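The reader may wish to keep the coordinates open alongside the text.

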Amino acid sequence: MPSYARRKVASYRQVQQATTTPGQRLVMCYEAIIRDLEKAKEAFEDTSPNRFADVHNALHHAHQIINELVLALNTDAAPDLCESLAGLYRFWIDQPSDANVQKSPGPITDVLDMVRDLRDTWRQADRAAAIGS
């Protein structure tokens, strides 16, 4: 992608992030995790010599996003919820890591289903909050 196009995409993303609700930003994070896990799963099924590097890169990016979600938890506001989410996020990191070690996409599927469910729940909650405002 030419540098001009990259700057435009980066500018668009900055505006998008600045004008979204916290719920929408969380949904965007979940969608990025889903994309990364799907890329890793597809790479496992690929036969190219680079497939394990592609798996690693996709899982690494997903881990980075999940780690940011853990850091963003506000334990002062909702300690029980944050404890539950932190445990869930640890699971989301551990399972794909196990898949990478085992060289098997199986554990990724379970996490994908969970991330999709939580994304859909937050999407509904954010829409309900917007209607109620």
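## Salt bridges

A salt bridge is taken here as a side-chain nitrogen of Lys or Arg within 4 Å of a carboxyl oxygen of Asp or Glu. By that criterion the structure, which is a predicted model, holds five salt bridges. Side chains of opposite charge can pair when their charged atoms come close.

One of these pairs is formed by Arg123 and Glu31, whose closest N and O atoms are 2.3 Å apart.

## A charged network

Arg123 also meets Asp120 in a salt bridge, with an N to O distance of 3.8 Å; these two residues both lie in helix H5, where they are three residues apart, or about one turn of the helix. Asp120 in turn forms a salt bridge with Arg119, the closest N and O atoms of that pair being 3.0 Å apart.

Taken together, Glu31, Arg119, Asp120 and Arg123 are linked in a network of salt bridges.

## Overall architecture

The secondary structure of the chain comes to five helices and zero strands, so that, read from the N terminus on, the elements run α-α-α-α-α. Among contacts between residues at least 6 apart in sequence, 65% join residues at least 24 apart.

The chain has 133 residues, of which 30% count as buried. Its accessible surface comes to about 8600 Å², and 53% of that area belongs to carbon and sulfur atoms.

In soluble globular proteins, nonpolar side chains tend to be buried together. In this model the largest nonpolar core has 29 residues, and those with the most contacts inside it are Tyr30, Ile33, Leu37, Tyr89, Trp92, Ile108 and Val115. Helix H2 (22-45), helix H3 (51-72), helix H4 (79-102) and helix H5 (106-132) each supply at least two residues of this core, and H2 gives the most to it, with nine residues.

Which residues does Leu37 touch, if those up to four places away in sequence are not counted? Leu37 is in contact with Leu59, Ala62, Pro96, Ile108, Val111, Leu112 and Val115.

## Ile65 and its partners

Ile65 is found in helix H3 and, at 14% relative accessibility, counts as buried. Leaving aside residues up to four places away in sequence, Ile65 touches Cys29, Ala32, Ile33 and Asp36. The C-alpha atoms of Ile65 and Cys29 are separated by 6.8 Å, although the two residues are 36 residues apart along the chain.

## Aromatic pairs

The rings of the model give a count of three aromatic pairs. In one of them, the rings of Phe44 and Phe52 have their centres 6.5 Å apart and their planes at 70°, so the arrangement is edge-to-face. Phe44 counts as buried at 10% relative accessibility, whereas Phe52, with a relative accessible area of 31%, is partly exposed.

Being three residues apart in helix H4, Tyr89 and Trp92 are separated by about one helical turn, and both residues are buried. Tyr30 joins them, in that Tyr30, Tyr89 and Trp92 form one aromatic cluster; the three residues are also among those with the most contacts inside the largest nonpolar core.

Technical notes: Residues numbered from 1 in each chain as written. Predicted model: local features only at pLDDT ≥ 70, side-chain atom pairs only at ≥ 80, totals over all residues. Heavy atoms only, no water. Core = buried A, V, L, I, M, F, W, Y, C linked by side-chain atoms within 4.5 Å. Buried < 20%, exposed > 50% of the residue type's maximum accessible area, 1.4 Å probe, protein only. Helix = DSSP H or I, 4+ residues; strand = E, 2+ residues; numbered from the N terminus. Contact = heavy atoms within 4.5 Å. Phe/Tyr/Trp six-rings, centres within 6.5 Å; stacked < 30°, edge-to-face > 60°. Areas by Shrake-Rupley, 256 points an atom, 1.4 Å probe, with all protein chains shown as cover.
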